[in-house]
Amino acid sequence: MGGGVVEAQPSRVRIKGHAPSVIRFFLIAVAYMLPWVLITSQLGYYSRWFGPQILLELNLAFYVPSIPVLMISGQIEKVLAARVGPTASMALRLGIGLVGCTIGAALFPWLPSTHTSLLVLVGVL
């Protein structure tokens, strides 16, 4: 009888906290996307004001700035995780992100009076 090598099956990844963690994750995702959904819901208004190309410009303003932010965040995460631990690092970055998103969304009705200011604010969100 030849002994074959049996590979161990990787265990399933479990989420700590189960349903409450999944619900919190969902609510955080909704919180981050809510300003974007609210802005694009006014697409008819903005296309009359700035022209039909505004959807492309809004998409570029929203998604392109996230590339360098993700790269920088990856580097900052290593430093923060080493100093305060991975859980506190995530909580700190999440808190700063949500506060910034809330401030941008709260100021939105008063700021975008020009094409450039609209695109800059969307890029910041």
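Start with helix α6: the elements covering its buried residues include α1, α2, α3 and α5 (86-107). The model is predicted, so local features are given only at pLDDT of at least 70 and side-chain atom pairs only at pLDDT 80 or more, while totals for chains, interfaces and linings use all residues. Numbering runs from 1 along each chain as its sequence is written, and side-chain values use heavy atoms, leaving out hydrogens and water.

**The whole chain**

Colour the model by secondary structure. The protein has 6 helices and 0 strands, and along the sequence the pattern reads α-α-α-α-α-α. Helices (H or I, at least four residues) and strands (E, at least two) are DSSP runs numbered from the N terminus.

Of the 125 residues in the protein, 18% are buried. Buried stands for under 20% relative accessible area, exposed for over 50%, and partly exposed for what lies in between (1.4 Å probe, protein chains only). The accessible surface of the protein is about 9,500 Å², and carbon and sulfur atoms account for 72% of that surface. Areas come from the Shrake-Rupley method with a 1.4 Å probe; for residues, only the protein chains shown count as cover.

Among contacts in the protein with a separation of 6 or more, 60% are between residues 24 or more positions apart. A contact is heavy atoms within 4.5 Å.

**Helix α6**

Show the side chains of L118, L119, L121 and V122, the buried residues of α6. These residues cover an arc of only 165° around the axis, which puts them on the same side of α6. The arc is taken over the directions from the helix axis to the C-beta atoms. Now turn to the other side of α6, where T116 and V124 are exposed.

**Helix α3**

Select residues 54-63, which make up α3, and display I54, L58, A61 and F62, its buried residues. Viewed down the axis of α3, the buried residues fall within an arc of 95°, so they line one face of the helix. What do the buried residues of α3 pack against? Their partners are α1 (19-40), α2 (43-50), α4 (66-84) and α6 (115-124).

The structure contains 8 aromatic pairs. Take Y45 and W49 as one of these: the pair is tilted, with 5.5 Å centre to centre and 45° between the planes. Rings of Phe, Tyr and Trp (its six-membered ring) pair if their centres lie within 6.5 Å; planes under 30 degrees apart are stacked, over 60 edge-to-face, the rest tilted. Y45 and W49 are 4 residues apart in helix α2, so about one helical turn separates them. Y45 is partly exposed because its relative accessibility is 41%, and W49 is partly exposed because its relative accessibility is 40%.

Next select Y46 and F50, an aromatic pair that is stacked, 6.2 Å centre to centre with 15° between the planes. These two are also in helix α2, and being 4 residues apart they are separated by about one helical turn. Are Y46 and F50 buried or exposed? Both are buried. With Y45, Y46, W49 and F50 displayed together, you have one aromatic cluster.

Keep F50 in helix α2 selected. F50 counts as buried because its relative accessibility is 16%. Which residues does F50 contact, leaving aside neighbours within four places in sequence? They are T114, H115 and L118.

**The salt bridge**

Move on to R93 and E77. The model contains 1 salt bridge, a term that here means a side-chain nitrogen of Lys or Arg within 4 Å of a carboxyl oxygen of Asp or Glu. R93 forms a salt bridge with E77, and the closest N and O atoms are 3.6 Å apart. R93 is in helix α5 and E77 in helix α4, so the pair ties together parts that are 16 residues apart in sequence. R93 is partly exposed because its relative accessibility is 26%, and E77 is partly exposed because its relative accessible area is 36%.

L27 can be found in helix α1.
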